[in-house]
Amino acid sequence: QVDAVRVYVNSSSENLQYPVLFVVRQQKGVLSWQVPLIFRGLYQRTYNYQEVSRTLCPSESTPETGPSDQIIFVDVSSMAPFDIAYELLVTRLENFQLETNKAFNFTASPSQPQYFLYKFPQEVDSVVIKVVSDAVYPCSVVSVQDIVCPVYDLDHNVEFNGVYQSMTKQAAITVQRKDFPGEQFFVVFVIKPEDYACGGSVPSSIHGNVNRTWNLQRTKNLQVTIVPSIKKSVYVQAMFFSFLSFLSFYLGSVVVAFVHYIRVRRKASAGRLSPEDGSRVMTSSHPITASTPEGSSYGAIDESSSSGGRQLSSPERRPPAGSDTDSSVEEESDFDTMPEIESDKNVIRTKVFLYLSDLSRKDRRIVSKKYKIYFWNIITIAVFYALPVIQLVITYQTVVNVTGNQDICYYNFLCAHPLGVLSAFNNVLSNVGHMLLGFLFLLIVLRRDILHRRAMEMKDVYTLDYGIPKHFGLFYAMGIALMMEGVLSACYHVCPNYSNFQFDTSFMYMIAGLCMLKLYQTRHPDINASAYSAYASFAVVICLAVLGVVFGKNDMWFWVIFSMIHVFASLALSTQIYYMGRFKIGKCYLGIFRRAAMVLYTDCIQQCSRPMYMDRMVLLIVGNLVNWSFAIFGLVYRPRDFASYILGIFICNLLLYLAFYIIMKLRSSEKLLPIPLFCIVATAVVWAAALYFFFQTLSSWEETPAESREKNRPCILLGFFDDHDVWHFLSAAALFFSFLVLLTLDDDLDTVRRDKIPVF
């Protein structure tokens, strides 16, 4: 049993020039204070208290000496030239030692801090200290300190030793036995004289006697409960669950690939293999056009009048499929390889009805090399981005471990399980799904790429003009982006805070942008954006996101400028899409508005019955309305989470474009095969579940650490993972299914001539 003594003093003197000094001398230390006790706040504001209560450093009986009496000397002095009355009371604490799984209630104030002793029970290696209060204010600090005298239990020195958190309504600190050789520690509770550190009002900077406050009532009722943390076996179960859950996707992919292989073998034995199966040679007399649905002609003019279709059907204009070149000029340029294409591509791309053959006229090798730049560039970006990120988060974690300041990182402290140097290993582990599924997607794309190359080597030249052109560079880039999202999200959750939020969102922007580019590239392979311009645009978006977080909270000027940029970018992109890349803004950027006005006049007023490009016009009108709505919403409400606001813009545009694509695909009498249909359903279901957990806010670096801890919640999965970890799991699966949708959506067109596939 540990005995502790508490000393209470009170003096009626308000003379700050002659305070009463109290010095308590013990066997192992000296504790001193004055009355009135002075606390200092912002702007030199002072808070004076005439009642002070302190707990003396306890002594513990040892087996060698046994119980013994303590001798305590209390010296009271003052330099005042007059008598000062004071009151001194020494009491023995009855409940100084906290017990496991037993709640204890007490009261504390700035001048009357409290601390208690806790000893680790046998077979308990880690505990969680949970502190709750019904009142938000006054702001308080919870500290865990080693058994060393003196105990730092005042506002100005509580941060000198141990681990500490600021607190409003709840706090939680995980303590491990290995960190305390004596297998015991003090839990210290300090009430701060001001509330600004916990998000309360900041005192005004006024001067004079008003800056001095006497005996401010700042009492707080607290309840502390110490419960055992999870055992090592739970860590093992959680790691097995994380890896096995996503390795099951590998097993499912192997099963699908095996079924596909069996079907190909059966078709080969039956002699009716389709061109994309790539196991036998097709001749030019393959009756593939006879099986084309009549509706897929899209109501267009006969292709005999299209020079593009005939040119592509000519074998002598196509180089051998196996021939390739390593010319850097060809790899990086955007020119057309056919001599006459510059003279007629402007005419072809402005036809009322476009077909895939009109927009896939460039040499396949050149276009493939162009899209491979996406893959190599994103690898370069990932390496240069990830290395300093890893160094920075290691520094953050080291600072947290060395200083003990748990206000640096915004964890869900009610479900933060440490491992090694990591304070919240569960938040890092839950990102393994992005890396595993990203790698699996790369393997699936690689398999398709290999099969396509084999098919190209075995086919007749004429059969190269069937189906969607297969360019896998963007798919490879998407797989790398998914893996890097897992890496950077894990880095962010090593120490989530205001300074490194962009680590968790940068590759989310890139994933959404790459998906939109891939969807557009599917039927516009010749006019899609280059890798350099695409990644430069992503860099601009990331810069805007950083500026929005820094300046977007209260600065109206930022939102005005951002909304103007948003609207202008929407108009510029709409014009480029409407004219299939043949519109040039020119030297005067204001010309785009004149061009947009001309389009509205010619297509909506002069030809009010029907615009020249109806489908594109409908998509762009809806898209602009959505983006302008986002701009107006941001201008009016100025959301605090600017990073999520930008991500919402990207996701809404991606979903809008994907919905338009699928609707137009079905409208053109094209089919959805079982695999893409399953992926679409799985994507919708998993995304709905993932977003539910995403909006379960467990912390927020937009608020103070104490306010963020009010949102903390216990674990919900295996006693190890919280809601945000489940979001990590589900979002990884949802992104994987989304990628599969883009990969398999047009598999039904592998047996359709490109001059029969409409562009939309």
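This tour of a predicted model visits a sheet, a loop residue and a helix.

**Stop 1: the sheet.** Select β7, β2 and β10, three strands that make up an open sheet in the order β7-β2-β10, with antiparallel pairing. Look at the edges next: β7 (51-55) and β10 (86-92) each have a single partner strand, so one side of each has no neighbour in the sheet. Neighbouring strands here are turned against each other by 15° on average, direction ignored.

Now keep β2 (residues 5-11) and β10 on screen. How many bridges join them? Seven, and the two strands run antiparallel. To find one of these pairings, click on V5: its bridge partner in β10 is R92.

**Stop 2: R177.** Move on to the loop between β16 (170-176) and β17 (184-191), where you will find R177. Is R177 buried or exposed? Its relative accessibility is 13%, which is under the 20% cut-off, so R177 counts as buried.

Show the side chain of R177 and the backbone of V124: a polar atom of that side chain lies 2.5 Å from the backbone oxygen of V124. Then display the other residues that R177 touches beyond four places in sequence; along with V124, they are F120, P121, Q122, E123, D125 and E183.

**Stop 3: helix α9.** Finish by selecting residues 502-523, the 22 residues of α9. From first C-alpha to last, α9 reaches 33 Å, close to the 32 Å expected at 1.5 Å a residue.

Technical notes. Residues numbered from 1 in each chain as written. Predicted model: local features only at pLDDT ≥ 70, side-chain atom pairs only at ≥ 80, totals over all residues. Heavy atoms only, no water. Helix = DSSP H or I, 4+ residues; strand = E, 2+ residues; numbered from the N terminus. Buried < 20%, exposed > 50% of the residue type's maximum accessible area, 1.4 Å probe, protein only. Polar contact = N/O pair within 3.5 Å; in protein donor to acceptor, adjacent residues only side chain to side chain. Contact = heavy atoms within 4.5 Å. Expected span 1.5 Å × (residues − 1). Pairing = 2+ DSSP bridges. Axes fitted to C-alpha atoms, helices over the stretch in contact; angles between N-to-C directions.
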